Amino acid sequence: MDITRRKFLQLATTAGFLLSFGKVHAATNEKILIVYFSRTGEEYGTGNITKGNTAIVAEIIAQKTGGDIFEIKPVTPYPDSYEECKKIAGREKATKARPPFVGDVENFSQYTTVFVGYPIWYGDAPQITYTFLESHDFSGKKIVPFCTHGGSGLSSTDQTISLTCPTAKVLQGFEMRGATAQNDRSQAEKVVEENLKRLGLI
Ligand SMILES: Cc1cc2nc3c(=O)[nH]c(=O)nc-3n(C[C@H](O)[C@H](O)[C@H](O)COP(=O)(O)O)c2cc1C
């Protein structure tokens with residue numbers, strides 16, 4: 001095989017590899033995944049929303065890092081009614097339910113840094129977040145928890161995630177009020193940027 005043909009084949013193989021295995025973060029060599037759960041409908045402090053607060057933050061992270069994104073969608077969607085959702089969420093928390101989600105991340109093992117996003121429900125991450133965490137092998141991966149909330153902040157969910165994924169390295173997470181994510185785009189972007197800088201990802 002002549003040199004030009006060999007070089008071409010090498011380039012084609014590399015390009016094919018990158019296409020099928022996702023993007024590598026240029027500055028750090030990290031392969032970034034953003035996994036999140038978020039609800040639409042009637043929400044505390046933000047009225048009736050058509051895009052969830054956590055979804056907005058997840059998308060900003062994806063946009064600024066170039067990472068892949070996966071939404072944890074419940075097989076049985078939560079009701080739009082805030083009161084009805086609270087009832088179900090309360091029951092799920094009390095019974096440590098593990099609600100199933102739709103589909104899955106393709107080739108999860110390729111990722112080195114996984115952002116895990118969720119709203120705070122009753123001072124914790126929604127149980128479906130734990131369904132996802134418990135059904136994937138996080139060994140050797142970095143996890144960055146992030147949440148939106150109505151005032152509770154992270155509520156020690158970073159610690160709960162550490163206990164759930166003991167073989168992962170759980171980095172300092174970050175939080176944002178749901179109303180900020182929903183109504184103040186520039187502040188939301190600022191918070192994400194500050195945290196991505198702290199993590200060395202931008
Ligand atoms: C069932 C339920 C329980 C909640 N519990 C809390 C809570 O304990 N503390 C808090 O600050 N906010 C709480 N909230 C408010 C949400 O965390 C907040 O509105 C969040 O931004 C919603 O994000 P999402 O649109 O991505 O689902 C709760 C909301 C729901 C629906």
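**Grounds for the description**

Author: In this predicted model, strand 5, helix 4 (residues 127–134) and strand 6 form a right-handed β-α-β unit.

Reader: What makes the unit of strand 5, helix 4 and strand 6 right-handed?

Author: A crossover is called right-handed if the path from the first strand over the helix to the second runs clockwise, with the strands pointing away from the viewer. The unit of strand 5, helix 4 and strand 6 is right-handed, so its path runs clockwise in that view.

Reader: How do you know that strand 5 and strand 6 pair?

Author: Two strands pair if at least two bridges are found between them. Strand 5 (residues 113–119) and strand 6 have seven bridges, in the parallel sense, and therefore count as paired. Within this pairing, V116 stands opposite P145 in strand 6.

Reader: Why do strand 6 and strand 7 count as a pair?

Author: Strand 6 and strand 7 (residues 169–170) are joined by two bridges and run parallel; the requirement is at least two bridges, so they count as a pair. Here I143 stands opposite V170 in strand 7. Strand 6 also pairs with strand 8 (residues 174–177), in the parallel sense and over four bridges. T148 has M176 of strand 8 as its bridge partner.

Reader: Why is strand 6 called largely enclosed?

Author: A residue is buried if 20 or more other C-beta atoms lie within 10 Å of its own. Seven of the eight residues of strand 6 are buried, so the strand is largely enclosed by the rest of the structure. Across the protein chain of 202 residues, 36% count as buried.

Reader: Which residues come nearest to the ligand, and which elements give two or more residues to the shell around it?

Author: Of the 24 residues around the ligand, S38, T54, P119, S152 and G178 come nearest. Helix 2, helix 3 (82–94) and strand 6 (142–149) each give two or more residues to this shell. Helix 3 contributes the largest share, four residues.

Reader: What classes of residue make up the shell around the ligand?

Author: The shell around the ligand has nine nonpolar, twelve polar and three charged residues.

Note on methods. Residues are numbered from 1 along each chain as its sequence is written. This is a predicted model: local features need pLDDT of at least 70, side-chain atom pairs count only at pLDDT 80 or more; totals for chains, interfaces and linings use all residues. A residue is near a molecule or strand if its C-beta atom, placed from the backbone, lies within 6 Å of it. Ala, Val, Leu, Ile, Met, Phe, Trp, Tyr, Cys and Pro count as nonpolar, Asp, Glu, Lys and Arg as charged, and the others, Gly among them, as polar. A residue is buried if 20 or more other C-beta atoms lie within 10 Å of its own, exposed if 12 or fewer, and partly exposed in between; C-beta atoms are placed from the backbone.
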